[in-house]
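Student: I've got a model open and want to talk through its surface and its charges. Can we go one question at a time?

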Amino acid sequence: MAHVEKYTAAATGHMLAHYDRTHSSSTSLIDVSRTALNHNLAEIDQPLPQLDFLHKKLGEIKVMKRADVNVMCDWIVTAPKELTPEELPLFFNETYKFLNDRYGKENVISAYVHMDETTPHIHYAFVPVVIDKKKGIPKLSAKERITRKDLNTFHPDLTKHMRAVFGRDIGIQNDATALGNQTIKQLRQKTKNIEKFKAEPVPVTEIPPVVKRFLKEDKVIISRKELDRVNQAAEDAAVIMSNAEAVNAQLAEKAAKTDNNYKKSEEYLSKAHQQADTIISDAQKNAESISAAISADKATWEQQKSLQQAELDERDRQQNRRAERLRKEQLRNDDKAKSNNKLAAELNSAAKELDEKVREFKSMKDSPQEYYEQRLQDLSSELEANEASNKLLRMDIADRDSTIKDLRQQLIDDYAAHNAVMETLKHESEQKLESELENKEKSCVL
C-alpha cells in the first residue's frame with residue numbers, strides 16, 4: 001500500500017526527473033498516453049522547481065557535510081483497488097493533507113500523482129527536518145524523521161484518516177502492508193510474479209499446469225465456475241508465494257548484512273580490545289607517574305606546611321608579645337593620663353591664682369600714687385592753712401615734706417618691685433605652661 005525511500009544528494013536528480021517525467025527512460029512501465037493525467041498536488045504550496053527548493057531548504061537548516069547523508073525522503077502511496085476512479089482524486093488529496101500534517105507542508109518538495117503506471121500512486125517527496133535537541137535549531141536527519149515507530153504507525157494512522165473521510169475501510173491495511181515497507185524493485189517483482197502465476201481461462205477439458213500442481217491430479221472434470229474459483233485460489237497462492245519469496249529475500253539480505261556486520265563488529269571489537277589494552281597500559285603508566293608526582297608533591301606540601309605552621313606560631317608569639325607590650329603601655333598611658341589630669345587641675349588652679357593676682361596687681365597699678373598724691377595734697381592744704389598760725393606746724397610740715405618725699409620714693413620703689421614681681425611670675429607661669437604642654441605632647445606620642 002505505502003512504502004518510503006531515502007535518497008542522498010547524488011540520487012535526487014534521477015528521482016526528481018522521474019517524478020515530473022523529464023527523464024525519458026525513467027521506467028518501462030510508463031504508459032505515455034496517460035502521462036498527461038499526472039499532476040503535482042504541492043504546486044501551490046511549493047511553486048519553486050524541485051531542485052531549487054531542495055537547495056534552498058538545505059541552506060536554511062543544519063546539514064552534515066557527508067556524501068552518504070540522505071537529503072530527501074519519498075513516500076509512495078498506492079491507491080487501493082477498492083476505490084472507484086471517481087474516488088481517486090479525493091484519496092490523493094487526503095493523502096497529501098495527511099502527509100503534510102505528518103512531515104510539515106514547509107518541507108515538501110513535490111507530491112506528484114502518477115496515473116500512467118500500472119497502479120495509480122503518489123510520490124510525496126520531502127526534506128526530513130527535525131529539531132536539534134541540544135541546540136534547539138532545525139537540522140537534516142532522515143534517521144530521526146523516519147523512525148521505526150513512524151513506520152509501524154503509518155498504515156494504521158492513514159487507515160484511520162481515510163475511514164473518517166470515506167466512512168468505510170478502503171483496504172489500506174492488507175496482506176501486502178503486513179509485510180512492511182518494500183522497495184519499488186520488490187513491488188515490481190511482485191507484480192511480475194502475479195502475472196506469471198495468474199491462470200488464463202482455458203477450455204473445460206484442459207487444466208493449466210499451475211492448477212494441476214494445486215490439485216495434484218493430471219485429469220479432472222471441473223465446471224467453469226469452479227475453474228474460476230481454482231484460478232483465484234491459485235492467484236492468491238501465487239501472491240502468498242511471491243510475498244513469501246520477497247520476505248525470504250529480505251530476510252536473506254538482512255542475514256547477509258547481519259553476518260557482515262557481525263564480522264565487522266568482531267573486527268571492531270578486536271581492535272577495541274587492543275586499543276583498550278593500550279589505553280589501560282598507558283593509563284597504568286600515567287597513574288604510576290602521577291602517583292609518584294603526587295607523593296613528591298605531598299612531601300613538598302608537608303614540608304611547606306610545617307614551615308608555614310612554624311612561621312604562624314612565631315607570628316602568634318610575636319603578636320602575643322606585642323599585645324602584652326600594648327597592654328603595659330596602655331596601663332602606663334592610663335597612669336600618665338591620671339597624672340596629667342591631676343597636673344592639669346593644679347595648673348588650672350595656679351592659673352586661676354595667677355589670673356587673680358594679675359587682676360589684683362592691675363587694679364592696684366595706679367592706686368598707691370594717686371592715694372599718696374591725694375594725701376600729699378590734703379597735707380599741703382592743711383599745712384598751707386595752718387602755716388600762718390603755727391610755726392611748729394611748719395616744722396611739722398617740713399617733717400611731713402620729708403616724709404612725703406620718702407613716701408614718694410617708696411611708692412616708686414614699690415611700683416618697680418611690683419613690675420619686677422609681675423614679670424617674674426609671668427615668665428615662670430609661661431615656662432611652666434610650656435613645660436607641661438611639652439610633657440603632654442610627649443605622652444601623647446608614646
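Student: How much accessible surface does the protein chain have, and what share belongs to carbon and sulfur atoms?
Tutor: This is a predicted model, where local features need pLDDT of at least 70, side-chain atom pairs count only at pLDDT 80 or more, and totals for chains, interfaces and linings use all residues. Residues are numbered from 1 along each chain as its sequence is written, and side-chain values use heavy atoms, with hydrogens and water left out. Areas come from the Shrake-Rupley method with a 1.4 Å probe, and for residues only the protein chains shown count as cover. The accessible surface comes to about 30700 Å², and the carbon and sulfur share is 53%.

Student: What percentage of the residues count as buried?
Tutor: Buried means under 20% relative accessible area, exposed means over 50%, and partly exposed is in between (1.4 Å probe, protein chains only). Out of the 446 residues of the protein chain, the buried share is 28%.

Student: Which residue forms a salt bridge with Asp157, and which helices do the two lie in?
Tutor: A salt bridge here is a side-chain nitrogen of Lys or Arg within 4 Å of a carboxyl oxygen of Asp or Glu. The closest N and O atoms are 3.0 Å apart, and the partner of Asp157 is Arg102. The pair ties together parts 55 residues apart in sequence, because Asp157 lies in helix H5 (residues 148–166) and Arg102 in helix H3 (residues 88–103). Helices are DSSP runs of H or I with at least four residues, numbered from the N terminus, so the names you want are Arg102, H5 and H3.

Student: How far apart are Glu329 and Arg332 along helix H9?
Tutor: Their side chains meet in a salt bridge at 2.2 Å, N to O. Glu329 is buried at 18% relative accessible area, whereas Arg332 is partly exposed at 41%. Both sit in H9 (residues 224–363), three residues apart, so the separation is about one helical turn.
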